[in-house]
Amino acid sequence: MRIPRELEKLMVFGYFLCLDAFLYVFTLLPLRVLLALIRFITLPCCGLSDRRVLQPAQVCDILKGVILVICYFMMHYVDYSMMYHLIRGQSVIKLYIIYNMLEVADRLFSSFGQDILDALYWTATEPKERKTAHIGVIPHFFMAVLYVFLHAILILVQATTLNVAFNSHNKSLLTIMMSNNFVEIKGSVFKKFEKNNLFQMSNSDIKERFTNYMLLLIVCLRNMEQFSWNPDHLWVLFPDVCMVIASEIAVDIVKHAFITKFNDITADVYSEYRASLAFELVSSRQKNAYTDYSDSVSRRMGFIPLPLAVLLIRVVTSSIKVQGVLAYTCVLLFYFGLITLKVLNSIILLGKSCKYVKEAKMEEKLFQTPPASTPGKPQTKSQSKCKQTQGLPTDENSSASSVTSQPVFQTKSAPTLLVTSNSDEFLTTPDEEDKDITQENSELKHRSAKKDLLEIDRFTICGNRID
């Protein structure tokens, strides 16, 4: 009975983490792109003081902004009305199958989307002295644009299918789509889960819930536009929206309750998961952090904000017509309101995260270097690679004053250190049948099994680990 309360605490915390990464695209990213362009334009007047024209983080910001702008104009060639009537003309069973296929495709797109963007950031910020062994910046850039555009279209088709379900007369399609959530219980409850696998599934549920809320927002915007923003129609949509949200929450509660029951996992594990996410947030706010938090959220939860942001901007600009000085003033005030919400959300999240880290007694790990070889075991090849990675030059990072100015291409180095050392511990730990096992190694194995979840593999398919 404690599962719903503890699970919802984790879900709410994770939801606001995703919201923080999503608001970054609309609020701070345009300002950072503007500052980077000002630096690039005024550089001949100021003189080239260092080796780089732009800092690596500024290059990544410009790339994100250019991808957003290009994909936004490409979305103008997608006819939403034709797509809506094409989907509406299909039978209910066809739409049910299409919606299931879209969910699978969304997970597959999310699995390699962040890798495409990371490859682009690394290629664009790679030091000139290194010999390039890849295809170059321009092909990576076109791959990233194509990915964001296709993923945005996929989310648009999902939102259109949901809109058709809302507007159907007998609500049979909406009922079938809601029952699809209960099929998820059958696929996960009767499987064996460990703490790490449950953590990854919880992250996937957080991302799925946030995406569903954004889809519902898009559906409401499109419907309100069709009814000339009549407030009475919002109350017509309200019961269906509540029904979809309630079914999603109920399915998550039942699924997690029975998974923890069958696998003998206590409800306290969700506070550990929350402390693990909080630790990532606190560590990413340090000056010597490897990544900003939006990239960390993307890897941990499989949430990539760029395609969803492109789609939301396209829907909002097509639904709301801005004309006159007063309208532009309202848009400017709304933008300042979003910036205020982003800053307040970040401050509250950071304060809560510090509280959760202290409660879990994980403060000392913020200042620890990545672990070296395990005591009593020879140093493996992967661990020696970790030491070499730890000794990379940091002349570009030392001049930064905040985590957002760190080069994004280093995002893989920090997780790899932790993941590799953890996997080596598990792979090199002998079985219990071996007679030469010492008491120290057995205690080490016991401790590693009960570790916090900071060292698990982050490169997963939407939280589902591949062994």
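This briefing describes the cavities, a nonpolar surface patch and the salt bridges of the structure shown above. The model is a predicted one, and the values below were computed from its atoms. The structure holds 13 salt bridges, and the count of cavities of 30 Å³ or more comes to six.

**Cavities**

- Rolling a probe the size of a water molecule over the atoms shows where empty space is left.
- The largest cavity has a volume of about 160 Å³, and of the 14 residues that line this cavity, the closest to its centre are Y99, L162, N181, N212 and V244.
- Four elements, namely α5 (92-125), α7 (172-188), α8 (195-226) and α9 (231-262), each give two or more residues to the lining of the largest cavity, and the largest share, five residues, comes from α7.
- When the lining residues of the largest cavity are sorted by class, eight are nonpolar, three are polar and three are charged.

- W229, V316, I320, V322, Y328 and V331 together make a nonpolar surface patch of about 520 Å².

- E208 forms a salt bridge with R107, and the closest N and O atoms of the two are 3.9 Å apart; since E208 lies in helix α8 and R107 in helix α5, the pair ties together parts that are 101 residues apart in sequence.
- E208 counts as buried at 14% relative accessibility, whereas R107, with a relative accessible area of 30%, is partly exposed.

- R222 forms a salt bridge with E225, where the closest N and O atoms are 3.4 Å apart, and both residues lie in helix α8, three residues apart, which is about one turn of the helix.
- R222 counts as buried because its relative accessibility is 8%, under the cut-off of 20%, while E225 is partly exposed, with a relative accessible area of 24%.
- Salt bridges that share partners join E8, D205, R209, D252 and K255 into one network.

Notes: Residues numbered from 1 in each chain as written. Predicted model: local features only at pLDDT ≥ 70, side-chain atom pairs only at ≥ 80, totals over all residues. Heavy atoms only, no water. 1 Å grid on protein atoms, 1.4 Å probe; cavity = no way out; pocket = protein on both sides within 12 Å on 5 of 7 lines; lining within 4 Å. Points joined across faces, edges and corners; volume = space filled by probe spheres on them. Nonpolar A, V, L, I, M, F, W, Y, C, P; charged D, E, K, R; others polar. Patch = residues over 30% accessible without salt bridge, like charges linked within 9 Å, V, L, I, M, F, W, Y side chains within 5 Å. Areas by Shrake-Rupley, 256 points an atom, 1.4 Å probe, with all protein chains shown as cover. Salt bridge = Lys/Arg side-chain N within 4 Å of Asp/Glu carboxyl O. Buried < 20%, exposed > 50% of the residue type's maximum accessible area, 1.4 Å probe, protein only.
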